[in-house]
Amino acid sequence: MSTSGPPSRLDHRLALVAMGVSGSGKTFVGEAIAKALNIPFFDGDDLHSPQARARMTAGIALTDEDRAPWLDRIGALLADSAAHPQGVVVACSALRRAYRDRLRAVAGPSLRFLFLKGDKAQMRARVAGRKNHYMPASLVDSQFATLEPPEGEGDVVTIPADADLAQTLGATIARLSGAGRDSAR
């Protein structure tokens, strides 16, 4: 990828989900993209219900039923062009195709996904090293079991979870800007 700097503004609204399993760097990368584009960033973890957080803290994986209202809250945030006219970035695992489709249905054609792809050992190590986070490393395996890689989804850009963001940020934003635009017309 190019090392050129990221654009400070896009010619269209970008609703972006930085996605992947726990520990993939969704928050770190999402914040960097939002800062580069001067648009707001939200961590999807902050939109979980207290009940969902309690389940995860206890080491209990969430069910699709647990996730549905959370995905709806995230979709509404992504779709809110009045509050975020230039765009918005949200960190959200979006592990299954059905979850991504639910977000697409609410957020509309400006939605893009950035899939941060990594392996189990790397993600377990990252999550185990976190301080003050409710998601235990023991749930990383369940995240990989749930993950349906977004292969062939035209609005998804994939980068390695261990990519050097300083070197790839500009090219990643450029790829996101163009992802799915032909298929959205």
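Trainee: Which residues have the most contacts inside the largest nonpolar core?

Mentor: They are Val17, Ile33, Leu78, Cys92, Leu103 and Leu114, in a core of 46 residues. Keep in mind that this is a predicted model.

Trainee: What is the general idea behind such a core?

Mentor: In soluble globular proteins, nonpolar side chains tend to be buried together. Take Val17 here. Leaving aside neighbours within four places in sequence, Val17 is in contact with Leu78, Val90, Cys92, Ala94, Leu103, Leu111, Arg112, Phe113 and Leu114.

Trainee: Now the sheet. In what order do the five strands stand?

Mentor: The order is E2-E3-E1-E4-E5, in an open sheet with parallel pairing. Strand E2 (41-43) and E5 are the edge strands, each pairing on one side only. From one strand to the next, the twist averages 20°.

Trainee: Which helices pack on this sheet?

Mentor: Helix H1 (residues 26-37) does, touching E1, E2, strand E3 (87-91) and E4. Its direction makes about 165° with that of E2. Helix H3 (residues 64-79) also packs there, touching E1, E2, E3 and E4. The direction of H3 makes about 155° with that of E3.

Trainee: Is strand E4 (residues 111-117) mostly covered or mostly open?

Mentor: Mostly covered: six of the seven residues in E4 are buried.

Trainee: How many bridges join E4 to strand E1 (residues 14-19), and how many to strand E5 (residues 156-160)?

Mentor: Five bridges join E1 to E4, and the two run parallel. Five bridges join E4 to E5, also parallel. Towards E5, Leu114 stands opposite Val157.

How values were computed. Residues numbered from 1 in each chain as written. Predicted model: local features only at pLDDT ≥ 70, side-chain atom pairs only at ≥ 80, totals over all residues. Heavy atoms only, no water. Buried < 20%, exposed > 50% of the residue type's maximum accessible area, 1.4 Å probe, protein only. Helix = DSSP H or I, 4+ residues; strand = E, 2+ residues; numbered from the N terminus. Pairing = 2+ DSSP bridges. Core = buried A, V, L, I, M, F, W, Y, C linked by side-chain atoms within 4.5 Å. Contact = heavy atoms within 4.5 Å. Axes fitted to C-alpha atoms, helices over the stretch in contact; angles between N-to-C directions.
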